[in-house]
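Subject: A structure for you to look through

Hello,

Here is the structure I promised to pass on to you. Please open it alongside this email and follow along as you read.

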Amino acid sequence: MGYLVGVTGLWAFSFSLIGAYLAGQVDSYFAVLVRVTLAALVFLPFLRPARLTGGKRLALMAVGALQLGVMYLFFYSSFLLLSVPEVLLFTILTPLYIALLDDALFKRFTPLYLLTALMAVAGAAVIRYDGISRDFWLGFAVVQGANLCFALGQVGYRRLAVSLPENLAWHSVFGWFFLGALAVALPAFVLLGDASALPRTSTQWLVLGWLGLAASGGGYFLWNRGAVRVNAGVLAIMNNALVPAGLVVNLLLWNREAELDRLALGGAIIAASLWLNQRYYRRHW
């Protein structure tokens, strides 16, 4: 639990830093590539290939490619379409995806999950009911792509971790996670990146360095290690703890203007959908 709380505080600043210094200024594919590369460099010196079988290495790389590589591609693109508070608010659906994935895994269907998802969409409409644009809904969909990848990655990591020895030194194998993400980020930049939109200021490079080494390198390692030490309910709650933490940073420290009444109402509808989801989970499981 301590790992998850610490990383929540670490990640709370990431949203605002991306929105303030990178989004619309630095090519998103390049930003993803730098973050993933720096994170990989943190763990490559500790990598011990013999600690995992070939199949397990590929599985950990697949988890990293999905949870970090593909997720980042969606995540950074969303800042071109939405404000930082909106991106934060729409990440609140990640626990719902975890629940839906659990349904798929055990071949069952829970109608309440569909109802709560529709409530969340209604909450999104409230936030921008007089200014809904194509970019807004596209941005909402892009954030959901990021949420789904993050949820799949967390579920995949938990499943993989329980199949390995408890005394495994994870820092000696976690480099495979970032190598998997790099396998997505590098070709994405080569094929889709804009070389004319690289960082131009020292501040942008410093932000990328902090995001890569601390938020990604240390953050994802500690988050995933914490994810296997708590139950699914706690993990779902901590996925949502980032939302208020990030909003506090953005609205208070960065002093960004926002229509707080509409944001609060839309957020309350989304929160209510998650409350219903969590209440059902506690009653039936």
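At what angle do α2 and helix α8 (residues 175–192) pack, and how far apart are their axes? The angle is about 155°, and the axes of α2 and α8 lie 8 Å apart. Before going on, please note that this is a predicted model, in which local features need pLDDT of at least 70 and side-chain atom pairs count only at pLDDT 80 or more, while totals for chains, interfaces and linings use all residues. Residues are numbered from 1 along each chain as its sequence is written, and side-chain values use heavy atoms, with hydrogens and water left out.

**Helix pairs**

Helices are DSSP runs (H or I, at least four residues), numbered from the N terminus. Axes are lines fitted to C-alpha atoms, for helices over the stretch in contact, and angles run from 0 to 180 degrees between N-to-C directions. Angles under 35 degrees count as roughly parallel, over 145 as roughly antiparallel, 65 to 115 as roughly perpendicular and the rest as oblique.

The angle between α2 and α8 therefore makes them roughly antiparallel. Their contact (heavy atoms within 4.5 Å) involves, among others, Phe30, Leu33 and Phe43 in α2 and Phe178, Leu182 and Phe189 in α8. By class, this contact has 16 nonpolar, 2 polar and no charged residues. In these counts Ala, Val, Leu, Ile, Met, Phe, Trp, Tyr, Cys and Pro are nonpolar, Asp, Glu, Lys and Arg are charged, and the others, Gly among them, are polar.

Helix α2 (residues 28–43) also meets α9: their axes come within 8 Å and cross at roughly 55°. That is why α2 counts as oblique to α9. The residues that meet include Val34, Arg35 and Leu38 in α2 and Trp205, Leu208 and Phe221 in α9. This contact of α2 with α9 divides into 13 nonpolar, 4 polar and 1 charged.

Next, α3 and α9 pack at an angle of about 125°, with their axes 13 Å apart. These two helices, α3 and α9, are therefore oblique to each other. Gln67, Leu68, Met71, Tyr72 and Tyr76 of α3 make the contact with Leu211, Ser216, Tyr220 and Asn224 of α9. Sorted by class, the contact of α3 with α9 has 6 nonpolar, 3 polar and no charged residues.

**Cavities**

How many cavities of 30 Å³ or more does a search of the whole structure find? It finds 2. On a 1 Å grid over the protein atoms alone, a cavity is a set of points where a 1.4 Å probe fits but cannot get out, and lining residues have an atom within 4 Å of a point. Grid points are joined across faces, edges and corners, and a volume is the space filled by probe spheres set on the points.

The largest cavity has a volume of about 320 Å³. It is lined by 20 residues, of which Trp11, Phe15, Phe150, Tyr220 and Leu242 lie nearest its centre. This lining has 13 nonpolar, 6 polar and 1 charged. At least two lining residues come from each of α1 (2–22), α3 (54–78), α7 (134–161), α9 (202–227) and α10 (232–253).

The second largest cavity has a volume of about 40 Å³. Leu22, Ala23, Gly24, Val26, Ser28, Tyr76 and Leu80 line it.

Enjoy exploring!

How values were computed
1 Å grid on protein atoms, 1.4 Å probe; cavity = no way out; pocket = protein on both sides within 12 Å on 5 of 7 lines; lining within 4 Å.
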